[in-house]
Structure formats: C-alpha cells, structure tokens
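Please work through each task before reading its solution.

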Amino acid sequence: MKTLVLAAALLGVFLTQSLANDDINISNKGNVGGDTHQTVNIDNHDNVANINNYNGWNSWNSVWDYNRGLFAARLFHKRACVVSRMNKAVVPSLAQLGTVSHEKKPAAGAPHPRELTYTVTQNKIKNVAQFGKHVEALCKGVPTYYAQEIQGTSLFVDSSGCTGIGILNILGITLCGRITGC
C-alpha cells in the first residue's frame, strides 16, 4: 500500500511538471537603444508557446503550435498576420525554449542566433480556422497571409519590404513581402 501511495505521489509530481505552464518576462534594450519587452508563455498541455514583443508600434505577438508544426505572427504595424510552417531543425523545442528563456542574457561565447527568412505570399488566407484554434485566436479579424521559408542565402530578397521578429536571443525571423493590413 505504501508503495502504491508513493508511486501515485511521484506520478503526480512528474505530471504536474510536464503539464505546467511557464511564464517568462524578458526586458532588454532594442538594437537602436529603445526598450523592448518580451514575454514567453509556454503551455505544455497543448504544446504551444505564445511570444509577445512589446516595442511600441513595432510590437508583435506570435503563436508557436508544436503539434501542428506552425507559427503565426500578428504584426501590429502592418495590421496583418502571417502563418508558416515551423522549421523544426532550427526552431527550439518547447523544453529548450523554456530553458533558454529563463537565462536573462546569452551565455558568454554563445553562438549568434539562427536566422530564417520567409517570403510572404500576396494571397490572403480566407479560412484561418484551418490552422487550428491557437492561430485562429491570434489572427482572426485581420488580413492573414502564408509565408514560405527561403532556403539558404537569397540575393533576390528585397530587404526594404522585410519585417524582423526574434525569439529572445535564440532565433531571428525575417518576413519579406508586401504585407498589407486592414
């Protein structure tokens, strides 16, 4: 009987940790000296991370749905949303995201963040619900576009029409294309 109670207690501890949510707040100076504040909310039950970047008009919110292999970013200055496939070879896992986001500064000698570039299609997505409830909740009510990752270095990208979003100090994402909102 004691063994059964001990096993149930240990199972409860492990389940609580694996289904727990992490909320991390990070404040730092932006690359032009302004203040930037990022929050990372991890929902281990749904395998979803919400990353919010507060930087005035350049603020954005994003959803990373690990079950569906998708991410979406709502760009406030564009009044639009962009959805794309996650590159799982580069995007950190939820566990890695939780670990790295608890570190307030990158470790000394840490490599520069990985960079991914996406080109945004010109066709608006008509049914955002097809991407699941998390993406729908983020993008509902604003024009939403699909983006395709550009493999390797591309000399054909016009960087003047690009918007950068970054996850902490671990991943930089550039969305390029004519993104028009409401």
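Two strands pair if DSSP finds at least two bridges between them. Strands (E, at least two residues) and helices (H or I, at least four) are DSSP runs, numbered from the N terminus. The model is predicted: local features need pLDDT of at least 70, and side-chain atom pairs count only at pLDDT 80 or more, while totals for chains, interfaces and linings use all residues. Residues are numbered from 1 along each chain as its sequence is written, and side-chain values use heavy atoms, with hydrogens and water left out.

**Exercise 1.** Determine which elements have the lowest and the highest mean pLDDT.

*Solution.* pLDDT is the predictor's confidence in each residue, from 0 to 100. The protein chain has a mean of 75, and 64% of its residues reach 70 or more. Helix 1 (residues 2-19) has the lowest mean, 39, and helix 3 (residues 133-139) the highest, 97. Where pLDDT is low, the predicted coordinates should not be read in detail.

**Exercise 2.** Describe how strand 6 pairs with strand 5 and with strand 8.

*Solution.* Strand 5 (residues 70-75) and strand 6 are antiparallel, with 6 bridges; Phe71 lies opposite Ser84 of strand 6. In their hairpin, 4 residues separate the strands, and Arg79 has a positive phi near 50°. With strand 8 (residues 144-150), strand 6 pairs in the parallel sense over 3 bridges; Tyr146 in strand 8 is the bridge partner of Val83.

**Exercise 3.** State whether strand 6 is mostly covered or exposed.

*Solution.* Buried means under 20% relative accessible area, exposed over 50%, and partly exposed in between (1.4 Å probe, protein chains only). In strand 6 (residues 80-85), 5 of the 6 residues are buried, hence the strand is mostly covered.
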